[in-house]
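I am opening my notebook on this model.

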Amino acid sequence: MKKLIIIGGGLGGLSTGIYAQLNGFDTTIFEKNPVPGGLAACWKRGDYLIDGGIHFLSGYKPGLSLYNVFKEVGAHKAECVDIETYARYVDEKSGIVIDISADLDKFQADLLSLFPEDKKKINHFIKATRGLSKTDISEFGFKEPLELMRTRDWIKEYWQNRKALKYFMGKSMKPVREYVKDIHNPLFRDLLLYMFLPSVPIVFLWMVLSFVSQKQMGVLKRGSLDFAKKLEERYLELGGKIEYKSQVKDILVEADTAVGISIEDGIVHNADFVISAIDGRTVIYEMLNGNYTNDKINEIYSKWKTVDPFVSVSLGVNMEFKDEVWMTLFKTTDPVIVAEEENDTVMIRFFNYSPYFAPEGKTVIQVDFETEWEYWFVLSKDKKKYNQVKKELAESTIEWLEKRYPGIKDKIEVTDIATPYTYWRYTLNEKGSYMGFLPTADAFTSNVEKRLPGLSNFYMSGQWSMPMGGVQPVIYSGKHVIQLLCHDEGKKFSTNKKG
Ligand SMILES: Cc1cc2nc3c(=O)[nH]c(=O)nc-3n(C[C@H](O)[C@H](O)[C@H](O)COP(=O)(O)OP(=O)(O)OC[C@H]3O[C@@H](n4cnc5c(N)ncnc54)[C@H](O)[C@@H]3O)c2cc1C
């Protein structure tokens, strides 16, 4: 049996390990943390469970072809709750509150009554969302690694998705920030801009809302770590091994062939193949000293932006928030100072949809602010100041909440702050990026190579091996990389364990 080492036990590394085991490799994952999951992380604070990861996901129940892949990796066993509303949007200046509802008729009617001057755009937006709901596009572009797709595979892929194709061409690939330019009402413009990220192509919003409207978008009942543990369970059942608390220091190369790794304590582990499922820049330019790149790779790492990280203030509160939507986006008139700048967009997650985050009658709420990496990185060098700034952010966030949820201040039992530096320290992802590269329209139509030029027996999976991260892409990255490996080895790829 050929030996395979995987660096990193996040969702990408675990998925890679599962498909490797299914295809007869003897696999060991080396993970620096004591638990799996990486960015899919949860931690206990007193009686509360803080979820620092995945907001929402699709693929967890039958109905979409993506579900088959979830079944292959055991992710379908993670309990989810369907979301009825993508998010609530509150514009404090006008006092307008909009629920981005799974019921597209209702959402459309709400938008038309609020923004009649934008009737044409509203109808276009909803029509496209409805159009995408009619075909199962959950695996479009993901069935096989692009490296292995021949013209006839593309023709088949396009034919199967022909009804949805028009939504992936021309103006549909424009970034949201351009799509909204001719919207008359600034509030409607902001609603679309802040629904996800202004840089994503507009088709991305249609896809997300189409999944919500099909009741195919949900939140994890037991949190992100439980989700990761379902993949770990499947991997271990298939005979895979994991070495926790093992940080990989170097990738060992002989005659331009990866032959193993060394870990922090200097111990060497040899293997026939090495697959990295960790931060791409560290691997390519540090561990491999930039010896195996080409213009395309250099361009990606010099020009593509990473997703701006979050700073999250999580609170364990002795209160119930039964009437709140699971996620509320505020455009506030009362900005919160974050990284010394006024921040007028505040995102709150109310973990009120499951009993597993807090004792009865209590709730975890999490306030997320998009922020910049550099500020927090520099600040982290001075621990006293770093802790002081965190404390001040918690206080101003609580003051802000008190004005909107009177009485909350005295009911807070637990406060926890995760900065971009926290995310970096825990996962070593560049600039604390929670999703890899910024999902721009350009990235959407690009491929990131999973092999490096000139280096044999080495592959990459995980969020840095895809144009954008996220649960679905990283799970597929694990499948794709083993499809490639099997192809290179002249083996038939299988999703069933042999013998
Ligand atoms: C707050 C937040 C919200 C999110 N929301 C969503 C969402 O709603 N929907 C969605 O689809 N996705 C979401 N994501 C993104 C998604 O969770 C990630 O894209 C995905 O989990 C990345 O998986 P990965 O395995 O590629 O990387 P990682 O999770 O970073 O895994 C890499 C692993 O490698 C380990 N490691 C690093 N360096 C080394 C080393 N040298 N040696 C050994 N081990 C090492 C790390 O500890 C880590 O466990 C969110 C992420 C966050 C943080």
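My entries follow, from the whole chain down to single residues.

**Ground rules.** I am working with a predicted model, where local features need pLDDT of at least 70, side-chain atom pairs count only at pLDDT 80 or more, and totals for chains, interfaces and linings use all residues. I number residues from 1 along each chain as its sequence is written.

**Overall build.** I looked up the secondary structure and found 16 helices and 19 strands. Helices (H or I, at least four residues) and strands (E, at least two) are DSSP runs, numbered from the N terminus. The radius of gyration, taken over C-alpha atoms, is 23 Å, close to the 23 Å that the globule rule (2.2 Å times the number of residues to the power 0.38) gives for 499 residues, so the protein is as compact as a globular protein of that length. Along the principal axes, the C-alpha atoms fill a box of roughly 65 × 55 × 40 Å. I then checked contacts (C-beta atoms, placed from the backbone, within 7 Å). Of those with a separation of 6 or more, 71% join residues 24 or more positions apart.

**Domains.** The bounds come from an automatic or database domain assignment. Domain 1 is made of 3–38 + 224–305 + 439–489, domain 2 is 98–216 and domain 3 is 310–427. I read 30 Å between the centres of domain 2 and domain 3, over C-alpha atoms.

The shell holds 37 residues, and Gly8, Gly10, Gly12, Gly38 and Gly462 are the closest. Helices α1 (11–22) and α16 (471–489) are the elements that give two or more residues to this shell. By class, the shell has 17 nonpolar, 18 polar and 2 charged residues. Here Ala, Val, Leu, Ile, Met, Phe, Trp, Tyr, Cys and Pro count as nonpolar, Asp, Glu, Lys and Arg as charged, and the others, Gly among them, as polar.

A residue is buried with 20 or more other C-beta atoms within 10 Å of its own, exposed with 12 or fewer, and partly exposed in between. Buried residues make up 46% of the 499. A nonpolar core is a set of buried Ala, Val, Leu, Ile, Met, Phe, Trp, Tyr and Cys residues joined through C-beta atoms within 7 Å. The largest has 144 residues, and Trp206, Val208, Val274 and Ile275 touch the most other members. Helix α8 (residues 202–213) gives the most to this core, with 10 residues. Beyond four places in sequence, Ile275 touches residues including Leu4, Ile6, Tyr459 and Val481.

**Gly17.** Gly17 sits in helix α1. I count Gly17 as buried because it has 33 C-beta neighbours inside 10 Å. Its contacts beyond four places in sequence are Ile6, Thr27, Ile29, Tyr235 and Gly240.

**Glu31.** Glu31 is in the loop between β2 (26–30) and β3 (42–45). Glu31 is buried, with 26 other C-beta atoms within 10 Å. Ser246 is 215 residues away in sequence, yet 5.4 Å away, C-alpha to C-alpha.

**Two Asn residues.** Asn289 is not a glycine, but has a positive phi of about 50°. The loop between α10 (280–287) and α11 (295–303) holds Asn289. Asn289 is exposed, with 11 other C-beta atoms within 10 Å. Asn457 has a positive phi of about 60°. Asn457 counts as buried, with 21 C-beta neighbours inside 10 Å.

Note on methods:
Near = placed C-beta within 6 Å. Contact = placed C-beta atoms within 7 Å.
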